[in-house]
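Here is a short report on how the parts of this model meet. Look at the chains first, then at the domains.

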Amino acid sequence: MRKLTLRTVALGYLALILLGPLSIVFWRAFEKGFGPAWSAVTTPDAVHAFRLTLEIAAIAVPANAIFGVLCALLIVRHPFPGKGLLNALVDLPLALSPVVVGFALFLLYGRTGWFGSWLSAHGIQILFAMPSMILATAFVSIPFVVREVVPVLREIGTDQEQAAETLGASQWQVFRRITYPAIRWAVAYGVVLTTARSLGEYGAVSVVSGRLAGQTETATLYVSDRYENFDIVGAYAASVVLALIAILVLLTMNILRPKEGVH
Amino acid sequence: MSPFAGLTLGVVVTYLSLVVALPLAALIWKSTKSGKTGFWQSLTSPEAVAALKLTLAASLAVALINAITGTVIAWVLVRDEFPGKGVVNALIDLPFALPTIVAGLTMLALYGPHSPVGIDVAYTRTAIVLALLFVTLPFVVRTVQPVLQELDRELEEAAESLGASSWQTFWRVVFPNLLPGILSGVALAFAKAVGEFGSVVIITGNLPFKTEVSSVYIFGQIESGNTSGAAAASVVLLAISFGVLLLIGALRRWATRHHA
């Protein structure tokens with residue numbers, strides 16, 4: 001009886017907060033049929049927005065993946081003074097407002113910023129262009145690979161790595177043959193999280209992009225732009241595409257999750 | 001330190017400086033540029049204060065609701081069996097995977113002016129709390145769930161065989177074990193709620209003194225060119241984020257000491 005009450009409370013809450021809102025996006029997008037929704041997501045601006053989002057992720061995600069593995073190796077295997085600060089900076093994006101992230105980049109690369117006059121003198125455009133959007137995306141998605149790999153590295157210990165070194169393996173061979181096979185599922189899981197966070201980023205890119213339709217507008221910015229222009233079908237149709245990507249991410253997470261910590 | 005480790009350190013520090021540290025340094029530098037009085041004036045402008053108060057109150061409420069609902073959901077996912085449990089478990093992460101702007105739009109569709117269920121809370125503080133509940137859903141569930149999974153059932157059975165009621169067993173045996181997990185989940189949810197932007201920006205209508213939260217306030221100040229005001233409010237949010245992370249670090253050390 002108590003079990004049933006708890007189950008009802010839990011599922012009822014999830015229906016109100018999670019399932020209701022999700023199902024309504026699909027309903028609203030296809031309210032007027034499939035045709036208008038399809039033409040809404042195939043306009044040149046929409047296509048450009050989705051392509052830009054993918055291009056940004058294609059740079060930010062691999063960069064963060066490499067950084068994440070190196071950073072985790074450093075934290076677990078080669079402790080150094082300042083490790084605490086490093087840890088804090090890596091975790092910070094989990095807790096910091098994306099608007100603040102975007103604004104910090106704005107202050108660094110804007111016309112009156114530290115690098116502003118030098119950049120404009122050399123004709124390099126960072127703010128209101130792709131470089132700042134990549135930097136913003138990389139900032140907000142930096143913690144995920146590190147946070148997935150660190151516990152696995154701790155768990156596997158150094159016995160095998162030391163044995164390999166004793167047998168004459170180079171450090172690269174040790175990483176390639178021993179360490180990497182043990183952490184690859186954690187890396188994959190972290191990469192999925194990083195990708196999800198990158199594709200969905202809104203607040204930070206909204207500050208640094210300048211939001212020019214067809215130029216610096218990502219998929220999420222496109223959604224809000226359509227909404228602000230009272231193009232409700234367009235906003236919901238683009239939202240459906242993003243929601244489908246989110247569901248794909250959940251499926252991938254589910255496939256990868258049981259392998260966490262399995263070596 | 002070996003050459004390999006040295007190189008790794010170099011790459012990691014350079015990347016982290018470029019992406020995270022340097023922008024934050026620029027932000028802090030900007031906030032000091034207007035001097036102590038200028039900073040204080042920006043910080044205590046009535047609109048900024050109202051936004052911060054609302055942000056903290058809403059985030060606190062959301063964190064506390066999550067403490068209860070998150071624990072109940074984790075409990076049901078670990079201890080209960082029902083058809084479709086796997087799907088429900090996978091859906092918990094949806095708020096993480098779904099872009100926040102889409103989350104805001106969906107909340108507006110369900111609980112806004114054209115609500116199919118007849119609830120219209122658009123442009124109210126209730127709407128802020130609802131949107132924040134959506135985006136913070138995974139945190140407590142995902143920190144409590146693994147602890148519950150590893151919890152030794154024998155402890156509870158022992159308590160019950162010694163005559164403890166199921167309520168007593170929960171409070172005296174289960175709850176103390178879950179507490180560090182609940183608290184770190186609550187802290188993460190609080191931090192996320194304080195900084196949330198995408199999901200609240202649409203549904204609140206950004207009415208200053210009424211539904212304007214700090215991140216939306218900062219965005220507005222940037223748009224209107226008041227970078228000193230934006231910098232002061234940003235530094236406050238940055239300080240809160242660091243504070244929460246320190247707290248979570250302390251909680252983690254406390255939890256591992258309990259396990260040992």
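## Chain A against chain B

In this predicted model, 65 residues of chain A are in contact with 64 residues of chain B. Contact requires C-beta atoms, placed from the backbone, within 7 Å. Helix α1 of chain A (residues 2–29) gives the most to chain A's side, with 15 residues. Helices are DSSP runs of H or I, at least four residues, numbered from the N terminus.

Chain A's side holds 50 nonpolar, 11 polar and 4 charged residues. Nonpolar covers Ala, Val, Leu, Ile, Met, Phe, Trp, Tyr, Cys and Pro; charged covers Asp, Glu, Lys and Arg; the others, Gly among them, are polar.

## A helix crossing

The axes of α1(A) and helix α7 of chain B (residues 125–150) come within 10 Å and cross at roughly 110°. Axes are lines fitted to C-alpha atoms over the stretch in contact, with angles from 0 to 180 degrees between N-to-C directions. The two helices, α1(A) and α7(B), are therefore roughly perpendicular (65 to 115 degrees).

From α1(A) come I17(A), L18(A) and P21(A); from α7(B) come L133(B), F134(B) and L137(B). By class, this contact has 6 nonpolar, no polar and no charged residues.

## Domains of chain B

Chain B divides into domain 1 (1–33) and domain 2 (36–259). These bounds come from an automatic or database domain assignment. The domain centres, taken over C-alpha atoms, are separated by 29 Å.

In chain B, 5 residues of domain 1 are in contact with 7 residues of domain 2. Domain 1's side has 3 nonpolar, 1 polar and 1 charged residues.

## Conventions

Residues are numbered from 1 along each chain as its sequence is written, and chains are lettered from A, ligands numbered from 1, in the order written. Local features need pLDDT of at least 70, side-chain atom pairs count only at pLDDT 80 or more, and totals for chains, interfaces and linings use all residues.

Notes
Contact = placed C-beta atoms within 7 Å. Parallel < 35°, antiparallel > 145°, perpendicular 65-115°, else oblique.
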